[in-house]
Amino acid sequence: MSQSYDRGLIEDFGRWREFSAGMWAWVLHKFTGWVLVGYLFTHIAVLSTATVDGGTYTATLQGLEQVLVVRFLEVGLLAVAVFHILNGIRLLFVDLGVGLGSQDVAFYAALVLTAAITVASIPTFLGGF
Amino acid sequence: MSTQIPEQETETETETDAEQESSQTRRVSAERTRAGMDQRAEDELSDADETVELKVFRYDPEVEGKKEPRFDSFEVPFTKGMTVLDALIFARDHFDSSLTFRHSCRQAICGSDALFVNGSQRLGCKTQMADLEWPVRVEPLPHAEVVKDLVVDMEHFYDQMESVEPYFQTEELPSGELDEQRQDRANREEIKMSTRCIWCGACMSSCNVAAGDNEYLGPAAINKAYRFAMDDREGEDMTEHRLNIIEQEHGVWRCQTQFSCTEVCPKDIPLTEHIQELKREAVKSNLKFW
Ligand code: SF4
Ligand code: FES
């Protein structure tokens with residue numbers, strides 16, 4: 001809507017401290033969604049080295065696993081993917097009109113589960129470096 | 001009140017205020033001079049056990065000193081059961097009679113005093129000062145054009161409400177001339193919550209999608225559509241007509257289930273739930289033609 005004066009971001013994202021569960025779920029879902037889209041490109045890039053020959057593919061993967069940053073990124077990717085999946089399930093229920101009264105609880109549950117799974121995965125991803 | 005905007009609701013408001021002021025005059029029978037006003041404020045403040053600070057948004061494009069938006073602070077004596085609206089009324093009647101805001105019923109039924117209080121859309125008359133963090137910050141509704149102080153232009157909101165044809169229409173009249181058009185209890189229950197809307201605009205103001213898309217019907221209008229689309233008495237053809245309206249490009253499908261509207265609705269209408277249900281109805285009615 002047109003404004004006769006500028007209230008700036010204050011009205012929307014400047015108020016993030018006042019966001020409620022549903023809004024946070026939306027923001028995080030969008031964010032993780034875009035991260036996953038970005039990942040898809042690197043994923044395809046890495047996979048396409050297999051079109052050269054098996055050796056190149058193995059070498060690429062092994063090389064990447066040598067980089068500490070990549071290991072951390074993998075943990076991040078897992079967190080992002082898990083949250084997106086869990087919140088996706090929450091949204092499925094929202095779309096089916098089931099348990100809308102507990103959508104905020106479902107969001108917090110998704111967060112807690114994501115955190116737990118991510119922490120549990122750290123030994124696997126960072127181990128043997 | 002110096003409001004000169006030729007709009008219906010502003011005019012009504014001016015009347016209400018005038019009325020109120022005259023009764024105020026009768027009640028206190030003090031001379032309404034500036035000194036008298038200040039004196040009264042001072043007395044009441046010193047009598048009070050507790051005072052609360054109110055930070056109120058001020059803006060008036062027609063007044064020289066108020067062209068730049070700013071916040072004014074008012075110290076108001078706190079009384080048990082005091083609402084945000086009560087505090088605003090105190091500030092207006094004791095400190096600055098040009099402080100402008102809409103109100104009428106003071107009991108959450110007229111829908112004229114939706115405000116942005118401490119960062120969230122609430123009805124002034126339904127929000128207890130005791131429940132808020134102090135100092136209390138009062139602003140006009142976001143995503144609407146401010147006319148003056150706390151008064152925003154509601155025209156766009158009303159347009160969206162009108163566009164869903166918010167009235168009962170039916171082709172299925174009962175056969176006997178004196179027959180009543182009955183609704184069964186289950187159906188009444190289904191639409192019960194949706195009938196409670198008081199057109200306050202809080203939901204529309206809280207919605208991020210509505211803020212970015214001016215044509216989006218918005219939660220209140222969709223809820224209105226739900227109220228009639230779900231009403232069995234309207235008959236199938238009418239329901240289909242209603243679904244066509246809410247299904248258009250800027251209709252239900254814009255909703256991204258952020259739950260902001262449901263969160264702020266002062267009448268506790270499960271708006272997101274209704275929007276979701278209409279989405280499903282829309283899909284169902286389309287699948288029939290396959
Ligand atoms: S749906 Fe609720 S928040 Fe929206 S206009 Fe109606 S009463 Fe106000
Ligand atoms: S004054 Fe009527 S709703 Fe608040």
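These questions and answers cover a predicted model, its ligand shell, its chain interface and some backbone features of chain B.

Local features here need pLDDT of at least 70, side-chain atom pairs count only at pLDDT 80 or more, and totals for chains, interfaces and linings use all residues. Residues are numbered from 1 along each chain as its sequence is written, chains are lettered from A and ligands numbered from 1 in the order in which they are written, and side-chain values use heavy atoms, with hydrogens and water left out.

Reader: Which residues are the closest to ligand 1?
Author: The shell takes in residues with a heavy atom within 4 Å of the ligand. It holds 14 residues. The closest are B:Cys197, B:Cys200, B:Gly201, B:Cys203 and B:Cys265.

Reader: How much area do chain B and chain A bury between them?
Author: Contact means heavy atoms within 4.5 Å. On that basis, 29 residues of chain B meet 24 residues of chain A. Buried area is the accessible area (1.4 Å probe) that two parts lose on being put together, summed over both. Carbon and sulfur atoms carry 48% of a total of about 2,400 Å².

Reader: Which residues of chain B lose the most area to chain A?
Author: Three residues together make up 24% of what the chain B side buries. They are B:His143, B:Gln258 and B:Phe259.

Reader: Which element gives the most residues to the side of chain B that touches chain A?
Author: Helices (H or I, at least four residues) and strands (E, at least two) are DSSP runs, numbered from the N terminus. Elements giving two or more residues are β5 (136–139), α7 (208–212), α10 (260–264) and α11 (271–287) of chain B. With four residues, the element that gives the most is α11(B).

Reader: What is the peptide bond from B:Trp134 to B:Pro135, cis or trans?
Author: B:Pro135 sits in the loop between β4 (120–123) and β5 of chain B. Its contacts beyond four places in sequence are B:Glu53, B:Lys55 and B:Asn118. Most peptide bonds are trans. With omega near -10°, the bond from B:Trp134 to B:Pro135 is cis.

Reader: Is B:Asn118 buried or exposed?
Author: B:Asn118 lies in the loop between β3 and β4 of chain B. Its phi is positive, near 45°. Buried means under 20% relative accessible area, exposed over 50%, and partly exposed in between (1.4 Å probe, protein chains only). At 19%, B:Asn118 is buried.

Reader: What is the phi of B:Ala108?
Author: B:Ala108 is in the loop between α3 (84–94) and β3 (114–117) of chain B. B:Ala108 is buried, at 7% relative accessible area. Although B:Ala108 is not a glycine, its phi is positive, at about 60°.
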